[in-house]
Amino acid sequence: MSDSAARPRGDSAAISIRALTTQKEFEDAVQLQREIWGFNDLELLPVRLFVVASKVGGQTLGAFDGSRMIGFCLAIPGLKPGGGSYLHSHMLGVLPEYRNSGAGLMLKLAQRDDALTRGIHLVEWTFDPLELKNAYFNIEKLGAVVRSYQTNHYGMTTSRLQAGLPTDRCVAEWLLTRERESKPILARIPIRADVDRLKRTDPDDAQQIQQRVARLFQEYLASGLAVTGFERSTDSGTYLFSSWPSD
């Protein structure tokens, strides 16, 4: 995998992306999990998983500001029913002070470039539907679609970002060689923009929002729709649903 470097807009430091290959780099990625998500040790992805992923066709990518690792991405190979291969991008994180530096996008683009050089045309990952900034990034910046919603996908977690809520997740499908078509919007799910604050200050209200979102997602996806767009405003984020062919 070739190195790539860029100077993100608004950040004077050059951030580079490269494959992680050494024990020290894998250990640094484990430490980043503590800093970014606040996981207990039991929930950390261990060094051994990074080693295995790097040797069996997965991806272990790091984002660096000089010699300091400030983000990482771990993907593992997957197999679809019928034999189609893809990459499951299991974890991507960037330190809070670098979240507007472009490092996350650089990691995803490096992931895409590497996948395409190996003839892989699909990357999937999960994300919290209540994390509206991530939803916009995944759906609008990368062009992913969502056709699956998983309730409490990982079980209850110690991550401070989850704030005690069930780990409901959307499954993002990134079709690397296919442009997402523009289609009429047939349904919408708006979510208030302060839901992150509610997780901390009013968890009961946040859980009611999560349950409503889960019910609507399951209803719309079961009817053959998929998320094909996302709108953001100062007050809300809105998932946009269109018709989408099944596999």
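Visitor: What makes the largest nonpolar core a core, and which residues have the most contacts inside it?

Guide: The largest nonpolar core has 39 residues, and F127, I189, I191, V213, F217, Y239 and F241 have the most contacts inside it. A nonpolar core is a set of buried Ala, Val, Leu, Ile, Met, Phe, Trp, Tyr and Cys residues joined through side-chain atoms within 4.5 Å. Buried means under 20% relative accessible area, exposed over 50%, partly exposed in between (1.4 Å probe, protein chains only). Helix 6 (residues 203-222) gives the most to this core, with 8 residues. Apart from it lies another core of 31 residues, including I17, A29, M91 and M106.

This is a predicted model: local features need pLDDT of at least 70, side-chain atom pairs count only at pLDDT 80 or more, and totals for chains, interfaces and linings use all residues. Residues are numbered from 1 along each chain as its sequence is written, and side-chain values use heavy atoms, with hydrogens and water left out.

Visitor: Why is strand 6 called largely enclosed?

Guide: Because 6 of the 6 residues of strand 6 (residues 122-127) are buried, the strand is largely enclosed by the rest of the structure. On one side L122, E124 and T126 are buried, and on the other V123, W125 and F127. Strands (E, at least two residues) are DSSP runs, as are helices (H or I, at least four), numbered from the N terminus.

Visitor: How do you know that strand 6 pairs with strand 8?

Guide: Pairing requires at least two bridges found by DSSP; 6 bridges join strand 6 to strand 8 (residues 169-175), and the two run antiparallel. W125 has A172 of strand 8 as its bridge partner.
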